[in-house]
Amino acid sequence: MTTAANPRIGTISQFDGQTITLNGWVFNKRSSGKIKFLMLRDGSGIIQGVLVKGECNDAAFEGFDALTQESSVVVTGKVRAEPRSKIGYELTVLDVKPVQIADAYPISPKDHGVEFLMENRHLWIRSQRQWAALRVRSEIFFAIQDFFRTRGFIRFDPPILSATSCEGTSTLFQTPYFDEKAFLTQSGQLYGEAGAFAFGNIYTFGPTFRAEKSKTRKHLTEFWMVEPEMAFAKLNDVMDLGEAFVCHIVKHCLDHCQKELVILERNQKELETIVAPFPRITYDEALKILEKRGHAIPWGEDFGAPHETALGEEFGKPVFIHHFPSSIKAFYFKNADDPNGEGVDHDGKYALGADLIAPFGYGEIIGGGQREDKVDVLERRIKEHGLNLKDYQWYLDLRRFGSAPHAGFGLGVERTVAWVTGVEHVRETIPFPRMINTIRP
Ligand code: 4AD
Ligand code: MG
């Protein structure tokens, strides 16, 4: 909470004309003779402080030259409206008390390579673009919670350590668990399904883990996923909810992240076009579009990055692809015979799944669908996928005790933040990204 005793740059307009004290860091500085300029950063924003000889405390004026980039300081000054300032205010500095004079700071305003910046991620997050992207991320977390809360979804926290795999065994991180082995969760979905039958509508929200060997701009090994699950719901409900959800997130950022989007130079006109309805096409229709755009793939193959990009270009807004070949989808999907049809008990060629592809090459941001709700079919699928039936008994119980059609999806937070902010790579959308070759800092 901001109080008069603890003013911050982000809410500086409340202090117009007042003498205040700010705690912060030297972002930048320059001087020209009798006047010195201090760019002060306090985590909530940046303000220009002006030190004028005679007006400012002598010791502070003389000590200015010793202040290095990122030195921590306590600055007292008078807030003054300044139309030429980006934030509309400047500070007439009366006093500067150094707290620590920083060593030579490794990150300067000049260009650095990404590898170097990643090694210095603990410092890089202070830079403007990183700061802005992570603030948008934080706002998106609020948008997510608001959206589900106002719709009566219960937040339901699944475990992170689990004995079961949800999204195939090839990307599991394994860890010893006393006399057993456990995995880091790939998705909260299976537990979310239990939650849906207890509460109706739930959402899980937390970090998920995949031993992804791929080095792409879309893959992390640790990423955050929000996963709503609804009882008595079908494939279309997934697309309806996903569409409303994504529109809500974008609108929330347009309403609450103005200064961040400006720093990020995000084209906001483009974001304003993200309104319902989103196109919905079947996998079969998507193949025809891909063929037309010179990216033909055989039926039964999954999309790669170029295909997702081409589909994004075709529509210029997020597009749902549904009714995938069941052979490329996880064991839990309900299947259909018909590329537009409803569920069948087994061996349907099409999975009742829906993925949402974001435009501009950001790829799949939502993956979800309708779950198999028949115990015998699901049991057969688990075996066919080479999974250990014993570990899934509790999951099968959900089909033994009051089974019902149910459906849900997972939205990847980092890909969503990347798309909304326009940053190129998901590594800039989480404070400390984890990727195949990145475990430090
Ligand atoms: O499509 P996925 O694998 O779906 C599931 O995990 C389902 N169990 C979700 C559900 O139905 N409850 O992953 C969902 C989303 C993707 O669309 C993508 O946005 C994100 O999670 N995602 C990743 N994000 C960053 N790095 C990775 N390695 C990701 N893998 C998936
Ligand atoms: Mg997927």
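Reader: So a salt bridge is a side-chain nitrogen of Lys or Arg within 4 Å of a carboxyl oxygen of Asp or Glu. Which residue forms one with E70?

Author: R126 does, with the closest N and O atoms 2.9 Å apart. A note on the model: it is predicted, so local features need pLDDT of at least 70 and side-chain atom pairs pLDDT 80 or more, while totals for chains, interfaces and linings use all residues. Residues are numbered from 1 along each chain as its sequence is written, chains are lettered from A and ligands numbered from 1 in written order, and side-chain values use heavy atoms, without hydrogens and water.

Reader: Which domains does the chain have?

Author: Domain 1 is 3-100 and domain 2 is 121-429, with bounds from an automatic or database assignment. Their C-alpha centres lie 45 Å apart. The contact (heavy atoms within 4.5 Å) takes 8 residues from domain 1 and 5 residues from domain 2.

Reader: How many salt bridges cross that interface?

Author: The rule finds 1 between domain 1 and domain 2.

Reader: What sort of residues does domain 1 put there?

Author: The side touching domain 2 has 2 nonpolar, 4 polar and 2 charged residues. Asp, Glu, Lys and Arg count as charged; Ala, Val, Leu, Ile, Met, Phe, Trp, Tyr, Cys and Pro as nonpolar; the others, Gly among them, as polar.

Reader: New topic. How many residues surround ligand 1?

Author: 24, counting those with a heavy atom within 4 Å. The closest are E167, Q189, R210, E227 and E364.

Reader: Which atom of R371 lies 2.9 Å from a ligand 1 oxygen?

Author: A polar side-chain atom. L220 uses a backbone N or O atom, 2.9 Å from a nitrogen atom of ligand 1.

How values were computed: Polar contact = N/O pair within 3.5 Å; in protein donor to acceptor, adjacent residues only side chain to side chain.
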